[in-house]
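Please keep the sequence and the structure in view while reading the points below.

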Amino acid sequence: MKMAPMPLPLFFFFVFLFPSLFSLQANSQLSELSTPPSLPSPLAPALFVIGDSTVDSGTNNHLLTLARADHPPYGRDFDTGRPTGRFSNGRLVVDYLALRLGLPFVPPYLGLNGKVEELVQGVNYASAGAGVIFASGSNLGMHLSLKRQMQQVSDTYERLELGLGEVAAADLFTKSVFYISIGTNDFTHYYFRNTTNIRSLYLPWEFNQLLVETIQHELKNLYNLNVRKVIIMGVAPIGCSPHYLWEYNSVYGECVEQINNMIVQLNFAMTYMVHKLNMELDGAMFTFCDAFEGSLDILKNRDRYGFVSTTDACCGMGKYGGRVMCLFPEMACRNATNHVWWDQYHPTDAVNRILADNVWSGKHAEMCYPMNLLNMTTHKT
């Protein structure tokens with residue numbers, strides 16, 4: 001079935017053109033995210049984040065793009081109570097993990113001045129709309145693709161070398177944790193939309209292989225920058241997201257299997273790729289965390305986790321809240337804690353907390369292979 005891109009409503013362009021009307025303090029609150037006084041000694045010196053809207057903490061606030069979360073009701077349940085650019089009602093998975101590591105929330109790279117003291121505890125390069133493929137998400141406007149983010153990582157390393165010295169910079173990257181969450185837009189805003197007629201060039205398994213090979217190449221580039229500890233987050237079951245339930249006219253909220261099947265195949269290939277790299281690269285501690293399995297556990301066991309709705313977006317319009325994205329506070333439900341989905345594609349803070357628990361220690365479900373983040377940071381080399 002050919003998937004036509006969803007037309008964006010006119011009033012979204014109003015939000016886009018005049019974001020200050022909706023988020024007068026979208027950037028100033030970032031300075032308030034200082035390290036809480038109760039944090040323990042860090043288990044890693046820094047956390048560096050690469051990815052898309054699943055981990056964007058404010059990069060796109062600085063870009064001319066439709067993919068922005070700098071207006072209410074985004075961030076309404078966040079620590080500051082205001083939008084920061086996170087595509088959630090509250091925290092992201094990496095926010096919870098930063099605190100577990102004993103680190104402050106990771107600031108967006110584009111919001112920094114480039115001083116060494118701003119970089120030593122980690123930065124967030126993630127950009128909403130970004131994909132593994134350079135062109136993925138281009139229909140949304142400006143974004144920083146995986147390749148662009150990798151260039152920023154390299155620039156960060158060079159600045160650390162100049163400020164700390166070569167030995168200290170290498171030691172910092174070796175001991176730090178890198179978290180990668182990317183790939184969703186390669187499906188939602190590229191392959192499934194058949195951008196540049198991509199589906200006539202690549203069968204599903206061929207496209208997945210292209211993604212895996214590209215990520216593998218970038219992981220080797222990270223390794224060459226002395227990076228050893230990397231969490232690679234798999235793609236979630238986007239076939240269960242409110243947008244695709246609406247687009248495919250799901251009757252009872254059943255997930256779109258043809259979409260999810262492709263994601264499962266990608267995640268399986270990613271698991272094998274990570275295993276292979278760990279065998280080939282001396283000292284590498286790469287781990288793959290299957291967001292699909294972790295999310296499916298939540299969907300199947302909603303009562304255990306306290307969720308009432310597993311199909312409807314807390315904020316959106318149309319059937320399942322999947323037709324129109326989250327634009328105004330009036331569109332949002334009152335209680336996001338009992339919803340799995342916050343908007344068309346993104347989970348709520350409550351889901352992010354559960355997934356973070358799993359990435360950290362497998363508390364609710366084992367989804368990281370060959371090790372979880374706690375094992376990685378306490379492993380004796």
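This is a predicted model: local features need pLDDT of at least 70, side-chain atom pairs count only at pLDDT 80 or more; totals for chains, interfaces and linings use all residues.

At 25% relative accessibility, C255 counts as partly exposed. The mean pLDDT of the chain is 91, with 89% of the residues at 70 or more. Residues 1-37 have a pLDDT under 50, and the model shows 70 contacts beyond four places in sequence for them.

**Disulfides**

- A search of the whole structure gives 4 disulfides. Counting bonded cysteines along the chain, their pattern is 1-2, 3-8, 4-7, 5-6.
- C255 is bonded to C240, with an S to S distance of 2.0 Å. This link is right-handed, with 110° about the S-S bond.
- C289 and C368 are joined by a disulfide with an S to S distance of 2.1 Å. The pair connects distant parts of the chain, since C289 belongs to strand β4 (residues 285-289) and C368 to strand β7 (residues 368-369), 79 residues apart. The link is right-handed, at 110° about the S-S bond. C289 is buried at 0% relative accessibility, and C368 is buried with a relative accessible area of 5%.
- The sulfur atoms of C314 and C333 are 2.0 Å apart and form a disulfide. This link is left-handed, with -105° about the S-S bond. Both C314 and C333 lie in the loop between β5 (309-313) and β6 (339-341), so the pair ties together parts 19 residues apart in sequence. C314 is buried, its relative accessible area being 3%, and C333 counts as buried at 18% relative accessibility.

**Helix α13**

- Helix α13 covers residues 349-361, and its 13 residues should span 18 Å at 1.5 Å a residue; the end C-alpha atoms are 18 Å apart, which agrees.
- Of the 13 residues of α13, 11 are buried, so the helix is largely enclosed by the rest of the structure. Among the buried residues are D349, N352, L355, D357 and W360.
- G362 follows α13 and has a positive phi, near 70°.

**Aromatic pairs and charges over rings**

- The structure contains 16 aromatic pairs. One of them is the edge-to-face pair of Y74 and W342, whose centres are 6.0 Å apart and whose planes are at 75°. This pair links distant parts of the chain: Y74 is in the loop between β1 (47-51) and α2 (93-101), and W342 is in the loop between β6 and α13, 268 residues apart. Both Y74 and W342 are buried.
- The ring centres of Y109 and Y125 are 5.2 Å apart and the planes are at 45°, so this pair is tilted. Y109 lies in the loop between α2 and α3 (116-119) and Y125 in the loop between α3 and α4 (146-164), so the pair ties together parts 16 residues apart in sequence. Y109 is buried at 10% relative accessibility, and Y125 is buried with a relative accessible area of 1%.
- A cluster linked by ring pairs consists of F187, Y190, Y191, F192, F207, Y244, Y248 and Y345.
- R86 lies over the face of F105, 5.8 Å from the ring centre. R91 lies over the face of Y96, at 5.1 Å from the ring centre.

Terms used:
Residues are numbered from 1 along each chain as its sequence is written. Side-chain values use heavy atoms; hydrogens and water are left out. pLDDT is the predictor's confidence in each residue, from 0 to 100. Contact means heavy atoms within 4.5 Å. Helices (H or I, at least four residues) and strands (E, at least two) are DSSP runs, numbered from the N terminus. The expected span of a helix is 1.5 Å times one less than its number of residues. Buried means under 20% relative accessible area, exposed over 50%, partly exposed in between (1.4 Å probe, protein chains only). A disulfide is a pair of cysteine sulfur atoms within 2.5 Å. Rings of Phe, Tyr and Trp (its six-membered ring) pair if their centres lie within 6.5 Å; planes under 30 degrees apart count as stacked, over 60 as edge-to-face and the rest as tilted. A charge sits over a ring if NZ of Lys or CZ of Arg is within 6 Å of the ring centre and within 35 degrees of the ring normal.
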